[in-house]
Amino acid sequence: MERRDFIGILSLGGGVITALPSISAFRYPDRPDLFGHELEADMVVAGGGLGGFAAAMAALRNGLSVIMTEETDWIGGQITQQGVPSDEHQWIETTGATRMYRDYRNAVRDHYRMHYPITEKARNNPLLNPGNSTGARRLGHEPKVSLAVMHQMLAPYLSNRQLILLIPYKVKYAESDGGYVKMIKVVHRESKREIFLRGKYFVDATELGDLLPLTGTEYVTGSESQAQTGELHAPETADPTNEQAFTLCFAMDYIPGEDHTINRPKEYDFWKNFKPKMKQPWSGKLLDWHYSNPSTLEPKLLGFDPSGGSTGDLLNLWIYRRLIHEANFSSGFYKGDITVVNWPQNDYFLGSLVDVPEGTFNKHVEKATQLNLSLLYWMQTEAPRLDGGQGWPGLRLRPDVMGTEDGMAKYPYVRESRRIKAVFTVLEEHVGRENRALVAEKGKENQPKDFVDSVGIGSYHIDLHPSTGGDNYIDFSSFPFQIPLGALIPIQMENLIPASKNIGTTHITNGCYRLAPVEWSIGEAVGLLLVFSIEKKVLPRKVRENGALLAEFQDFIRREGIHTHWPKNS
């Protein structure tokens, strides 16, 4: 297809191109045969999550043409379709993320200042947190606000026809030859229309690394053995099916004095009595205010009070991931707070979503839905209160917050994906404090590995949730770290680059590289890598192998607002 035929697309189905609010809808009457035809761009991005979005934006602002696909009808990945306001590190407001990521965060805050009746105190707070959520959740907000901000960021490139955005389209087929991807086929979720996509480069930013098996890109799954990686916390035996739990999030608010109790879920008896069987001790039932302390595995009691009252020394789960704190808004504007449920009680680890048939995927999502409904019903009717009573019938499911009919997120929050076999793999010895102390040269035991090919930075402790293989939490300290370019380059593919949780990490190190700011940083580095590779007419792996090119590329991305090293006082 010639460039003059490019058109910014939000949704293709039945011959009508529809758009989200604030972006005009239009028809394409002169091309009724569009479906089944090919589209072509400099870069084809499969997956509209954080990594895919950041890769696309980096390429677009540097003049490349981009096609981006997304299998749900919301871009944004974990912070929108999956309903998870970002977990972030303590320095996020000043460093430890790209300039574009901080611009996005500021735009979220400005959206509330501009469109919501917030209090004067909230309006004047430069670090406005609409939900006043706690801990690493420094910007609790509604998924639809991030969605609006991200569409605003894409709008100019849709308008000038530099970007094609295909929603909701899922990758179903690919052709590759001699280390090069030639084409991928995407299929509309509802109409089943097919479009063939060609490009100079392909980016796999899907949540599960879907392009890897389709293109023949070598990858690993699950947990590696200690013999394979030498990692301190790796198990003795590898298990490719051992994946971290996923979570199907949902949102709720609390209306005192009202009864919003749902019908008793069909699997309530199962989930009410379900006791996880783990290799390490579990605290008791899954539906309980006790859970296993991630760092010690000892039973730990959590608090819960949807009125926002004090829970003493106990963490109040209601505030933990709160999206809206009514106190930030004009009196009476909200009937109550809104929070999202992404807690130990609704982690789902009875089966993996990776490398399973579609029917198995759907079965696990349905069981996760039943777990959620059972948790909500338990909280409404039987959960113990600090005052000695039981249940909060005023808890109300909020489907509108998630943009779905059943109230569940549009897609599971996936913690672990397929991971490429990369030219360099990040190991625990590079970033884990304890393992690092055992292998680092003298004088460098108290610092992370310094990667000469760093293309970004991130920070989070190594945090693995309970797994399908029966592991309880694996949670321990890590250093603020770098993102090595070698972890973004497959060992044999030349024009396919990962941009999500599918980079060259292990089961262990994925636990700190999977967070929102890191995924964004990975994606932005990938987009700029392909800009640089196309301009210099070299393959991405050559950028890493050639010292002069690598230095030039790092200078380029630093000018683009990417940090390659942490400040010394971090």
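**Pockets and cavities**

Trainee: How many nonpolar, polar and charged residues does the lining of the largest cavity have?

Mentor: Sort the lining by class (nonpolar: Ala, Val, Leu, Ile, Met, Phe, Trp, Tyr, Cys, Pro; charged: Asp, Glu, Lys, Arg; polar: the others, Gly among them). The model is predicted, with local features needing pLDDT of at least 70 and side-chain atom pairs pLDDT 80 or more, while totals for chains, interfaces and linings use all residues. Numbering starts from 1 along each chain as its sequence is written, and side-chain values use heavy atoms, without hydrogens and water. The lining of the largest cavity has four nonpolar, six polar and five charged residues.

Trainee: Which residues lie nearest the centre of the largest cavity?

Mentor: A cavity is a set of 1 Å grid points, over the protein atoms alone, where a 1.4 Å probe fits but cannot get out; lining residues have an atom within 4 Å of a point. Here 15 residues form the lining. Nearest the centre of the largest cavity are Gly 47, Glu 70, Glu 71, Thr 206 and Glu 207.

Trainee: How much space lies in the largest cavity?

Mentor: The structure holds two cavities of 30 Å³ or more. The second largest cavity has a volume of about 80 Å³. The largest cavity holds about 100 Å³.

Trainee: Which residues are closest to the centre of the second largest cavity?

Mentor: Its lining has seven nonpolar, three polar and three charged residues. Of these 13 residues, the closest to the centre are Glu 243, Gln 244, Phe 246, Leu 353 and Glu 416.

Trainee: What is the volume of the largest pocket?

Mentor: A pocket is an open set of points with protein on both sides within 12 Å along at least five of seven lines. Volume is the space filled by probe spheres set on the points, which are joined across faces, edges and corners. For the largest pocket that space is about 990 Å³.

Trainee: Which residues lie nearest the centre of the largest pocket?

Mentor: The lining of the largest pocket divides into 16 nonpolar, five polar and 13 charged residues. In total, 34 residues line this pocket. Nearest its centre lie Glu 71, Lys 170, Glu 358, Phe 361 and Asn 362.

Trainee: Which residues lie nearest the centre of the second largest pocket?

Mentor: About 600 Å³ of space lies there. By class, its lining splits into 16 nonpolar, nine polar and nine charged residues. Of the 34 lining residues, those nearest the centre are Arg 137, Tyr 320, Tyr 460, His 461 and Asp 463.
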